Amino acid sequence: MPDYSIEKELHEQGYAYVCGVDEAGRGPLCGPVFAAACILPDGLVIEGLNDSKKLTEKKREKLFDIIKREAVAYCIASASVQEIDELNILEADLLAMRRAIDGLAVKADFALIDGNIARDFQIPAKAIVKGDSLSMNIAAASVLAKVARDRICADLDREYPEYNIAKHKGYGTKEHMDALRKYGPSPIHRKKFIRFLDEE
């Protein structure tokens with residue numbers, strides 16, 4: 001379970017506000033990629049908070065509201081489909097993370113980034129592999145990013161109902177691939193992710 005041990009070490013080094021950062025939507029074939037940055041009060045225990053992928057949708061929705069209410073500061077940001085196509089998904093992912101950090105009402109002086117890449121941030125940052133199961137702040141950010149992206153998927157589903165995005169959240173399921181073959185791509189599909197259509 002995540003805790004504050006990494007944050008505690010950084011506080012002892014003189015960093016006052018440590019934010020956790022995570023993304024959602026790197027793998028899907030459509031829609032923006034989301035990132036969130038979050039600073040929780042030191043030692044705050046939020047019951048059930050864990051890596052968002054280990055939680056049910058209902059639990060994530062409940063935690064989403066608690067995190068927003070209890071956080072010292074949080075920000076949810078995104079990078080568009082156009083930015084993903086222009087930059088590539090990794091660079092767009094990092095861009096969304098930088099936007100989330102920059103958007104914090106209380107400025108962080110250190111960022112814990114879920115994953116294995118932490119570069120080009122305005123403040124000192126450290127990548128933590130499986131950070132969403134180690135750091136409470138990263139776990140909180142993972143829930144914020146995941147819920148925000150899932151809600152966008154629900155909006156995209158209403159706009160483009162033929163793809164059933166609300167069900168698969170844009171991932172390359174058989175149903176989604178079959179719909180792409182039948183209807184072709186929409187403006188919200190990532191061009192680099194659907195090259196298989198050109199190869200068939």
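User: Two strands pair if DSSP finds at least two bridges between them. In which sense do β1 and β2 pair, parallel or antiparallel?

Analyst: Antiparallel: strand β1, residues 18-24, and strand β2, residues 33-39, are joined over 5 bridges. This is a predicted model, where local features need pLDDT of at least 70, side-chain atom pairs count only at pLDDT 80 or more, and totals for chains, interfaces and linings use all residues. Residues are numbered from 1 along each chain as its sequence is written, and side-chain values use heavy atoms, leaving out hydrogens and water.

User: Which residue is the bridge partner of Gly 20 in β2?

Analyst: Cys 38 in β2 is the bridge partner of Gly 20.

User: OK, what order do the strands of the sheet come in?

Analyst: The order is β3-β2-β1-β4-β5. The sheet is open, has 5 strands and shows mixed pairing.

User: Which strands stand at the edges?

Analyst: β3 (73-79) and β5 (125-128) do. Each has a single partner strand, so one side of each is left without a neighbour in the sheet.

User: And by how much are neighbouring strands turned against each other?

Analyst: By 20° on average, direction ignored. Axes are lines fitted to C-alpha atoms, for helices over the stretch in contact (heavy atoms within 4.5 Å), with angles from 0 to 180 degrees between N-to-C directions.

User: Which strands does helix α5 lie across?

Analyst: α5, residues 136-159, lies across β1, β2, β3, β4 (110-114) and β5. Helix α5 runs at about 35° to β1.

User: New topic. How many helices and strands are in the chain?

Analyst: The chain has 8 helices and 5 strands. Helices (H or I, at least four residues) and strands (E, at least two) are DSSP runs, numbered from the N terminus.

User: What order do the elements run in?

Analyst: From the N terminus on, they go α-β-β-α-β-α-α-β-β-α-α-α-α. The chain has a radius of gyration of 17 Å, close to the 16 Å from the globule rule for 200 residues, so it is as compact as a globular protein of that length. The radius is taken over C-alpha atoms, and the rule is 2.2 Å times the number of residues to the power 0.38.

User: What box do the C-alpha atoms fill?

Analyst: Roughly 55 × 35 × 25 Å, taken along the principal axes.
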